[in-house]
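Thanks, everyone. I will go through one model this morning, starting with the strands and ending with a pocket. Please have a look at it first.

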Amino acid sequence: MTPSPPHGRAYRPAVAGRRGVVTSAHPLASAAGVQILLAGGNAADAAVAVAATLNVVEPYMSGLGGCGAMLVSTRRGERHVLNFVGRVPLAADPDHATSGDLSAGPRACLVPGNLGGWLAAHDRFGCLPRIEVFAPAIRFADDGFPLT
């Protein structure tokens, strides 16, 4: 019997590279990131391509309707944090909601921020054209992909 990986039955193959590595929760999303790096993109381009592709191939876990964050380290040693957590709707009034309303349900929701965050990350740190970065996700959405 083959021993299980350290995290139960979860398995993510390791991919080694001389100039970078891409990993995600889905192999097609990781492949999209590698494709972007091979096309001359940088880590920000690859991260956005991976996130957008995850939105297509694994929408139940990752998507533009969610919230997130990104930590960027530059070659100059700078650190930048992009906060993709959306804002509370302008008309939201916590004084007119119960604690249960604020912990779950439609009154507990933020405005989704992922798509705006991906675009901000690409605009600020990416180097490839936007259409090239989103091309893998668009291709999987148009042409389909094998279910895992």
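Strands themselves are DSSP runs of E, at least two residues, and helices are runs of H or I, at least four residues, both numbered from the N terminus.

Now the conventions. This is a predicted model, in which local features need pLDDT of at least 70, side-chain atom pairs count only at pLDDT 80 or more, and totals for chains, interfaces and linings use all residues. Residues are numbered from 1 along each chain as its sequence is written, and side-chain values use heavy atoms, with hydrogens and water left out.

Strand S1, residues 69-73, pairs with S2 in the antiparallel sense over five bridges. Valine 72 has histidine 80 in S2 as its bridge partner. Five residues lie between the strands of this hairpin, and glycine 77 takes a positive phi near 85°.

In a regular strand, side chains alternate between the two faces of the sheet. S2, residues 79-83, has His80 and Leu82 on its covered face, with Arg79, Val81 and Asn83 on the uncovered one.

How many salt bridges does a search of the whole structure find? Two, where a salt bridge is a side-chain nitrogen of Lys or Arg within 4 Å of a carboxyl oxygen of Asp or Glu. One joins arginine 76 to glutamate 78, with closest N and O atoms 3.1 Å apart. For accessibility, buried means under 20% relative accessible area, exposed over 50%, and partly exposed in between, with a 1.4 Å probe and protein chains only. Arginine 76 is at 69%, so it is exposed, and glutamate 78, at 31%, is partly exposed. The other pair is aspartate 123 and arginine 130, at 2.9 Å. Aspartate 123 is exposed because its value is 52%; arginine 130, at 37%, is partly exposed.

Next, asparagine 114, in helix H4, residues 114-125. Its relative accessibility is 9%, so it counts as buried. Beyond neighbours within four places in sequence, asparagine 114 has contacts (heavy atoms within 4.5 Å) that include Gly63, Cys67 and Phe84.

Last, the lining of the largest pocket. Helix H1 (27-38), helix H2 (43-57) and S1 each supply at least two of its residues. The largest share, seven residues, comes from H2.

Technical notes. Two strands pair if DSSP finds at least two bridges between them.
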